[in-house]
Amino acid sequence: MSATHTHSTPPEDDDFVAAEYVLGVLSLAEKHNIERRIEQDVSFARLVARWQQQFDGMNAEFEPSIPPSDMKAHIDRRLFGTINPQPAPFFSNLVFWRTFAFASLILAAIGFGRDFLTNPSVSDKQLVASMESDGSIYQTLAVYNKASNQLKVSFVAGELPAEHSLELWLIAGKDAPASLGLIKSAQVTEFSVDSALAEKLKDGATLAISIEPVGGSPSKAPTGAVVAAGTVREI
Amino acid sequence: MTPEGISQLISRVALRDRNAFDALYSSTSAKLFGVCLRILNNRTEAEDALQDIYVKIWNKADRFAVADTSPISWLVAIARNHCIDVLRARKPASTDIDQASEIAEPSANPEQSAIATGESRRIYDCLGQLDQARASAVRGAYLNGDSYEELAARHSVPLNTMRTWLRRSLLKLKECLEA
């Protein structure tokens, strides 16, 4: 990332536009143009972040006010309301198909594939999770074979950092994240899942990877940035 | 809740930890609802906006790690940004001038609000060096979501004049903030 950093002074106009954006005086169309630019132009995004920091001091003037008590329930319903994903939207979802195609490729590559590819209805169910994250260099795929209790995580994009460890977490329902261990290889890492966690590793659970100090999180919880996460699906 | 505590909650929310999301909501929703009420100046809209904002926070929590900012500033920025979108979508620039002038002018003497401490004092010290009307335009934009049109109407100056005003004010502010 530091490679893209330049020391040249950006044009003053850009700085002014960044300040206008942070102040919020622009029209909707202008604002959305700027937002696209922030996504694409790192040095411009830095100007915006700088102005945001300068103006943060005024945030103290927003007087806290308790929202209505049923608000959180509305939010939860919007986010988690559908307990069982409806098959139609799920299967027509582009991300699903991308994951599926991608899963097939990886399954073949890491040797789980044949039965699954030729006969998806075998009783030996497999679980997969495509783990990625906006703005992250990491794209990984986890495949769990219930029968052998073997979880394999393979990298599609990204490398192991030299000065940190990558730790794999399972988040089941409202449970706190539970560590499954450290990623040891930028190709495929195998995890043996203990029986208590194996129970929870099922459709709808989340797998995620965080950056931790070398050797893993010093506590029982993740401490660093999450670089990839995805929902476990039974296929 | 300490900033470190909130940062940790956001990181756990990125891991899809719903308990952390509950805790994050409990400790930050009053502040963010305050942002919505101030900018939208309409309770129903503020309630809808707050829902949208927490849905965004749940979905964007993984981006917090790459943002070099305090957690509460990050959350307030998401809330402000969303409310400004709602405000701009609700009020086409040509029809909102009457309404805008009904919103209270930000207090002329922000330092009396006695809430600015430490680092955040700096912005008020620098605003204090601007002409009062110009400082008030900057604060009106940031705190009330005033657009250029609204600011121009409130200060009874043509739009281009307001642009020039604001630009000069921002240049002065920048010099002062970076001094």
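The model is predicted. In it, 48 residues of chain A are in contact with 61 residues of chain B. The largest nonpolar core has 67 residues.

**Where chain A touches chain B**

- Several elements of chain A give two or more residues to the side that touches chain B.
- The helices among them are helix 1 (12–23), helix 2 (28–40), helix 3 (42–55) and helix 4 (71–80) of chain A.
- The strands are strand 4 (165–171), strand 7 (206–212) and strand 8 (226–231) of chain A.
- Helix 4 of chain A gives the largest share of this side, with six residues.
- By residue type, this side of chain A divides into 27 nonpolar, 13 polar and eight charged residues.

**Helix 9 of chain B**

- Helix 9 of chain B runs through residues 159–177 and has 19 residues.
- From its first C-alpha to its last, helix 9 of chain B reaches 26 Å, close to the 27 Å expected at 1.5 Å a residue.
- Its buried residues are B:M162, B:W165, B:L166, B:S169, B:L170 and B:L173.
- Seen down the axis of helix 9 of chain B, the buried residues fall within an arc of 130°, so they line one face of the helix.
- The face turned away from that buried side carries exposed residues: B:N160, B:T161, B:T164 and B:E175.

**The nonpolar cores**

- In the largest nonpolar core, A:A142, A:A208, B:C36 and B:C83 touch the most other members.
- Helix 2 (residues 18–40) of chain B gives the most to this core, with eleven residues.
- B:C36 touches B:A46, B:A49, B:L50, B:A79 and B:C83, leaving out residues up to four places away in sequence.
- Another core, of 30 residues, lies apart from the largest one. Among its residues are A:A19, A:V48, B:A137 and B:A141.

**A loop residue: A:I137**

- A:I137 is found in the loop between strand 1 (126–132) and strand 2 (139–145) of chain A.
- A:I137 has 13 other C-beta atoms within 10 Å, so it counts as partly exposed. The cut-offs explain this: a residue is exposed with 12 or fewer such atoms and buried with 20 or more.
- Setting aside neighbours within four places in sequence, A:I137 is in contact with A:A157 and A:G158.
- A:I137 and A:V227 are 90 residues apart in sequence. In space, C-alpha to C-alpha, A:I137 and A:V227 are 7.7 Å apart.

Notes: Residues numbered from 1 in each chain as written. Chains lettered and ligands numbered in written order. Predicted model: local features only at pLDDT ≥ 70, side-chain atom pairs only at ≥ 80, totals over all residues. Contact = placed C-beta atoms within 7 Å. Helix = DSSP H or I, 4+ residues; strand = E, 2+ residues; numbered from the N terminus. Nonpolar A, V, L, I, M, F, W, Y, C, P; charged D, E, K, R; others polar. Expected span 1.5 Å × (residues − 1). Arc of directions from axis to C-beta. Core = buried A, V, L, I, M, F, W, Y, C linked by C-beta atoms within 7 Å.
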